[in-house]
Amino acid sequence: MKAVLQHPRTQAVLAWVQQWRKELAVFLLMAATLAGPFLLKPAQSTAPSHYDRRLVIISPHHDRIREEFGHAFAAHWKKTTGQTLFIDWRVPGGTSEIALLIKSESMAAFQQYWQTKLHQQWSPSVAQACLNPKSTPEDPARKAYLSSKVGTGMDLFFGGGAYDFEQQARMGTLVAGDGETTGLSGLAKKHPEWFSDAGIPEKLSGEPFRDPQGRWCGTCLSTSGMVFNRDVLRRIGIATDPVAWDNLADPRYYGQIALSDPGKSGSVTKALEMLIQQQMQLAHDRLKAAPKSKLDPDQLEAQAVAEGWNEGLRLILRISANARYFTDFSTKIPLEVAKGDAAAGMCIDFYGRSAEEDVRKADGTSRVGFIAPLGGTSVSVDPIGMLRGAPDPELATAFMEFVLGDAGQKLWSFRVGEPGGPLHHALRRLPVRHDLYTPENIARMSDGHEAPFEKAQAFTYHSERTAALFNTIRFLVRVICVDSHEELHASWKTIIDHGMPERAIQVLEDLTRVKYEAATGNIAKILAARDKVQETRLARELGDAFRNQFIKAGRMARNDE
């Protein structure tokens, strides 16, 4: 060994390494960086090395859902056809990001079609009209788009909220199929019992469960609620689990609430809408029960809606003031709560129940819990729909049939290990088909005791009250609570520390600028115009006003004014 080290060639190599040691270190680090993804690549890729057909699905769904449905449908397709299938999942973010992507891809595809196939000149007016549901049916661009098979290169939109699917259907990016064999219209002809009150009702307690024109359909049920950590609650002096939305407005939750930016998550916006709807209904019941009320039904409804809107926003303001942050990803909330970094958060049922199950002890107890406030949330759906110009409409239809069929409905709801259940992860969702709730199936479900079709009767969704304000709610909460969170959070802490002075609270919670009349009037008008300049100006004006208002409330609490 000594002789080898003393050899002239060895000495020359060592001298070269010594001279270039810094450059060599950088080279080795770069090589390791480039090799890392290949070395760390999972042994089993989600894409087969060879496949006969490919299905492209854009989805906000959690990886557990994608994994279970991807594997189950691929196995089903292999068994029935002998073909190897590749499910190409596209996950750009939440439903808001997906909506923007579908719109931009559809617009780009139609522009190419308009110019190269129809040999027409592209213009701002054509771009404005083609995907605009408010365009007249006679508009050439709108008419050309709706009669075309212009696609995005994707087959299905799977997961999200009914509102986002209704918007896509109105734009024309979702289609019903040919009415015979493809799309939901084809499935309705093949399985009429699924699309009935005994199967999937068109509406339940005011919530849409499927599109009457067959462009989208719910696949499972969804409720909004609160995920919470009992250990953290006890540590901050709260002895009982939260049961209602207003529990999260308690000052003891200061810095312990996890929330998601509604601008990034349709499910979070839906939860906030339900909170507002509940306050509207409480106001309606209170006014109706008032003695010697001289309000006629229309006046009572108008006053209840206005009062409930203000009270709902006030609650959202307080809950936001308690929030330690607003995340871009709603999936982060249950993880933070489970770790103990937050006491509670708002999320959809699947995330909350999964978090509870992940930390459940052998005796069945768990430090994490989830509750959907009774009377404070509706039962809504997670839909699916076929995109215009789907590359493989036959395969897309087969996937929708699988999801809505017995196999898919059991996959949503059964426990791991049950016949027909998931292989690795309980998905903790409930079937959308009412006929699946048989005693035999309920016994195999993770949450069959929830009885969602019965609980839905405790809350009636009044679309005429807030449905048109869905984007307005998104916008206002972002401007008032998310963008101004630093000032809101600090002011609320000052108010708490100084004994909750009433005058300071009144200033903090002054929502005159965004009362119901303003929200349905000028604010809604600006947002509907889709003029980014006007929208940005409005956001700046409201944001500055509320930031100054929050700062003033903090000064008042310190007796500076």
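A residue counts as buried under 20% relative accessible area, as exposed over 50%, and as partly exposed in between. M500, with a relative accessible area of 25%, is therefore partly exposed. Please keep in mind, as you look around, that this is a predicted model.

**The chain as a whole**

The protein chain has 561 residues, and 51% of them count as buried. Its secondary structure comes to 24 helices and 14 strands. Taken along the principal axes, the C-alpha atoms fill a box of roughly 105 × 65 × 65 Å.

M500 sits in the loop between α21 (485–497) and α22 (502–508). Although M500 is not a glycine, its phi is positive, at about 55°. H119 also has a positive phi of about 55° without being a glycine. You will find H119 in the loop between α5 (95–117) and α6 (124–130). With a relative accessibility of 63%, H119 counts as exposed because the cut-off for that class is over 50%.

K361 belongs to the loop between α14 (349–358) and β12 (368–371). Its relative accessible area is 56%, so K361 is exposed. From K361 to D510 there are 149 residues in sequence, and their C-alpha atoms are 46 Å apart in space.

**Two helices that meet α24**

Helix α24 covers residues 532–557, and helix α20 covers residues 470–482.

| Helix pair | Axes come within | Crossing angle | Handedness |
|---|---|---|---|
| α20 and α24 | 8 Å | roughly 45° | right-handed |
| α21 and α24 | 8 Å | roughly 20° | left-handed |

On the α20 side, the contact is made by F475, L476, R478, V479 and I480, while α24 brings E535, L538, A539, L542, G543, F546 and F550. Sorted by class, this contact has 9 nonpolar, 1 polar and 2 charged residues.

Now the second pair: the axes of α21 and α24 cross at roughly 20°, so α21 is roughly parallel to α24. Here α21 supplies E487, L488, S491, T494 and I495, and α24 supplies R547, F550, I551, A553, G554 and A557. By class, the contact of α21 with α24 has 6 nonpolar, 3 polar and 2 charged residues. F550 of α24 takes part in the contact with α20 and also in the contact with α21.

In soluble globular proteins, nonpolar side chains tend to be buried together. In this model, the largest nonpolar core has 72 residues, and those with the most contacts inside it are F73, L156, F209, L221 and F399. Helix α15 (residues 393–404) gives this core its largest share, 8 residues.

Leaving out residues up to four places away in sequence, F399 touches L55, I57, F69, F73, I87, W89, L156, F158 and I384. Two of these partners, F73 and L156, are themselves listed among the residues with the most contacts inside the core.

Another core lies apart from this one; it has 62 residues, including I238, V268, W492 and A504.

Notes
Residues are numbered from 1 along each chain as its sequence is written. This is a predicted model: local features need pLDDT of at least 70, side-chain atom pairs count only at pLDDT 80 or more; totals for chains, interfaces and linings use all residues. Side-chain values use heavy atoms; hydrogens and water are left out. Helices (H or I, at least four residues) and strands (E, at least two) are DSSP runs, numbered from the N terminus. Buried means under 20% relative accessible area, exposed over 50%, partly exposed in between (1.4 Å probe, protein chains only). Axes are lines fitted to C-alpha atoms, for helices over the stretch in contact, and angles run from 0 to 180 degrees between N-to-C directions. A crossing is left-handed if the near helix is turned anticlockwise from the far one by less than a right angle, and right-handed if clockwise. Contact means heavy atoms within 4.5 Å. Ala, Val, Leu, Ile, Met, Phe, Trp, Tyr, Cys and Pro count as nonpolar, Asp, Glu, Lys and Arg as charged, and the others, Gly among them, as polar. Angles under 35 degrees count as roughly parallel, over 145 as roughly antiparallel, 65 to 115 as roughly perpendicular and the rest as oblique. A nonpolar core is a set of buried Ala, Val, Leu, Ile, Met, Phe, Trp, Tyr and Cys residues joined through side-chain atoms within 4.5 Å.
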